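Subject: Structure for you to look at

Hello,

Here is the structure I said I would pass on. Please open it first, then read the notes below it.

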Amino acid sequence: MSGLTLPDDASLIWRYMDEKKFKCLVKSSGLYFVRSDRFADSWDSVLPPKWRKRMQREFCDRPDSRSYTEAEWYEEREIPNNPIQCWNCDIDENERMWREYTSGSDSLVVQSSIGNFKQCFDTSPINVHIGIVNYGIQDEVADPK
């Protein structure tokens, strides 16, 4: 997928979670992906204003014969259909992440590497894209076109 930056395979990644989520991960031997429109942070997956302005051309037809703009398609069709699994790629453990992504003393952090994470999806029948999220100031994020 174009536009995604990925650190080298030896780079560390961290996943902060409560013990209950960890037990579920171990029991199921799987990762839980979340729709980005279900994140607590209301800014996740929001289009920067200058992108929204550029994405006003009609894109394709809706089932009710009206048309989607590119922005509407992204917000109504793409976001709900692109589940996400978030990890932190700081070099060291991060106290702020403990506070934001865990709820108490029954919490833990899983540490892995980009290479190990990529290997998890080697045999997946589903196409998984891995990359760093750009948390730039909304209007300063590079234009996609």
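In which loop does Ser29 lie? Ser29 is found in the loop between helix H1 and strand S2 (34–35). Please keep in mind that this is a predicted model.

Ser29 has a phi near 55°, which is a positive value in a residue other than glycine. Its relative accessible area is 69%, and residues over 50% count as exposed, so Ser29 is exposed. Ser65 also has a positive phi, near 80°, and is likewise a residue other than glycine. You will find Ser65 in the loop between strand S3 (58–61) and strand S4 (67–69). With a relative accessible area of 67%, Ser65 is exposed.

Now the chain as a whole. There are 5 helices and 6 strands. Read along the sequence, they follow the pattern β-α-β-α-β-β-α-β-α-β-α. The chain has 145 residues, of which 21% are buried. Take the contacts between residues at least 6 apart in sequence: 73% of these join residues at least 24 apart. The chain exposes about 10,700 Å², and carbon and sulfur atoms supply 52% of that area.

Strand S1 covers residues 12–18. Is strand S1 enclosed or open to the outside? Of its 7 residues, 6 are buried, so strand S1 is largely enclosed by the rest of the structure. Strand S1 is joined to strand S6 by 7 bridges, and the two run antiparallel. To see one of the partners, look for Met17, whose bridge partner in S6 is Leu108.

Rolling a probe the size of a water molecule over the atoms shows where empty space is left. The second largest pocket has a volume of about 180 Å³. Helix H1 (19–28), strand S6 (107–113) and helix H5 (114–119) are the elements that each give two or more residues to its lining.

Regards

Technical notes:
Residues numbered from 1 in each chain as written. Predicted model: local features only at pLDDT ≥ 70, side-chain atom pairs only at ≥ 80, totals over all residues. Heavy atoms only, no water. 1 Å grid on protein atoms, 1.4 Å probe; cavity = no way out; pocket = protein on both sides within 12 Å on 5 of 7 lines; lining within 4 Å. Points joined across faces, edges and corners; volume = space filled by probe spheres on them. Helix = DSSP H or I, 4+ residues; strand = E, 2+ residues; numbered from the N terminus. Buried < 20%, exposed > 50% of the residue type's maximum accessible area, 1.4 Å probe, protein only. Contact = heavy atoms within 4.5 Å. Areas by Shrake-Rupley, 256 points an atom, 1.4 Å probe, with all protein chains shown as cover. Pairing = 2+ DSSP bridges.
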